[in-house]
Amino acid sequence: MATVSLKGNPINTIGALPEVGSIAPDFELTKTDLSDVTLNDYKGSKVILNIFHSLDTGTCANSVRKFNEEASKLENTKILCVSKDLPFANGRFCEAEGIDNLEVLSDFRNGNFGKNYNLEYVDGPIRGLLSRCIIVLDENSKVLHTEQVYDVVTEPDYESALNALK
């Protein structure tokens, strides 16, 4: 179990993030058009997984805005923003915010992403949602960098994630 903090109160996740150097677990997530994608769909591209609770929180929304800005500067890199928000809500957010350089994906359909990556909360008021994490993968899905943000109201370390691509 990994322990993080929500406004000073400890909450736990299923376990530890995938180890740097390991191959990332496969996933099936849902796009805003309700089609499904898997990790294999991104083979050949570097991937930044920006994982969070919900776009309805300011910190989560800020992380999507920040990565959307950075995405246009990156070569052969896909940025995937993952939560359990419904695809309809993801689509409305992207349209309203002009988010068009990355993909916003949902784990609502089968909920296995949070379990397979060991980052689903198992207790506390937001149990069942996804912990704020960054996971960076190379072109072959090898884990290059991970960060599980300790205080869930804090933004991730964007610079470290982007530097892992170099």
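Residues are numbered from 1 along each chain as its sequence is written, and side-chain values use heavy atoms, with hydrogens and water left out. Because the model is predicted, local features need pLDDT of at least 70 and side-chain atom pairs count only at pLDDT 80 or more, while totals for chains, interfaces and linings use all residues.

## Helix α1 and its surroundings

Helices (H or I, at least four residues) and strands (E, at least two) are DSSP runs, numbered from the N terminus. Helix α1 covers residues 58-71, which amounts to 14 residues. From its first C-alpha to its last, α1 reaches 20 Å, close to the 20 Å expected at 1.5 Å a residue; the expected span is 1.5 Å times one less than the number of residues.

Burial is assigned from relative accessible area: buried means under 20%, exposed over 50%, and partly exposed in between (1.4 Å probe, protein chains only). The buried residues of α1 are T59, C60, A61, S63, V64, F67, N68, E70 and A71. Their packing partners are the strands β5 (46-51), β6 (77-83), β7 (103-106) and β8 (133-137), together with the helices α2 (87-97) and α4 (158-163). Contact here means heavy atoms within 4.5 Å.

## Aromatic pairs

Rings of Phe, Tyr and Trp (its six-membered ring) pair if their centres lie within 6.5 Å; planes under 30 degrees apart count as stacked, over 60 as edge-to-face and the rest as tilted. By this rule the structure holds four aromatic pairs. One of them joins F67 and Y158 edge-to-face, at 5.2 Å centre to centre and with 75° between the planes. F67 belongs to helix α1 and Y158 to helix α4, so this pair ties together parts that are 91 residues apart in sequence. Both partners are buried: F67 has a relative accessible area of 0%, and Y158 has 11%.

The rings of F113 and Y117 form a stacked pair, because their centres are 4.5 Å apart and their planes lie at 25°. F113 is buried at 1% relative accessibility, and Y117 is buried at 0%. Ring pairs also bring in F27, giving a cluster of F27, F113 and Y117.

## Salt bridges

A salt bridge is a side-chain nitrogen of Lys or Arg within 4 Å of a carboxyl oxygen of Asp or Glu. A search of the whole structure finds seven, including those tabulated here.

| E70 | K66 | 3.4 Å |

Within helix α1, E70 and K66 are four residues apart, so about one helical turn separates them. An α-helix has 3.6 residues a turn, so residues three or four places apart point the same way. E70 is buried at 12% relative accessibility, whereas K66 is partly exposed at 29%.

E120 lies in the loop between α3 (112-116) and β8, and K84 in the loop between β6 and α2, so their bridge ties together parts that are 36 residues apart in sequence. E120 is buried, with a relative accessible area of 10%. K84 is partly exposed at 23%, and K115 is partly exposed at 40%. Salt bridges that share partners also join K66, E70 and K73 into one network.

## Loop residues and a surface patch

P25 lies in the loop between β2 (9-12) and β3 (28-30) and is partly exposed, with 23% relative accessibility. Leaving aside neighbours within four places in sequence, P25 contacts P18, L39, N116 and Y117. P25 and Y117 are 92 residues apart in sequence, yet their C-alpha atoms are 6.9 Å apart in space.

S141 occupies the loop between β8 and β9 (143-148) and is buried, with a relative accessible area of 4%. Not counting residues up to four places away in sequence, S141 touches S22, I23, A24, L39 and K43.

L86 is located in the loop between β6 and α2 and is partly exposed at 43% relative accessibility. Together with L34, F88 and F108, L86 makes a nonpolar surface patch of about 360 Å². Patches are made of residues with over 30% relative accessible area and no salt bridge: like charges are joined within 9 Å, and nonpolar side chains (Val, Leu, Ile, Met, Phe, Trp, Tyr) within 5 Å. Accessible areas come from the Shrake-Rupley method with a 1.4 Å probe; for residues, only the protein chains shown count as cover.
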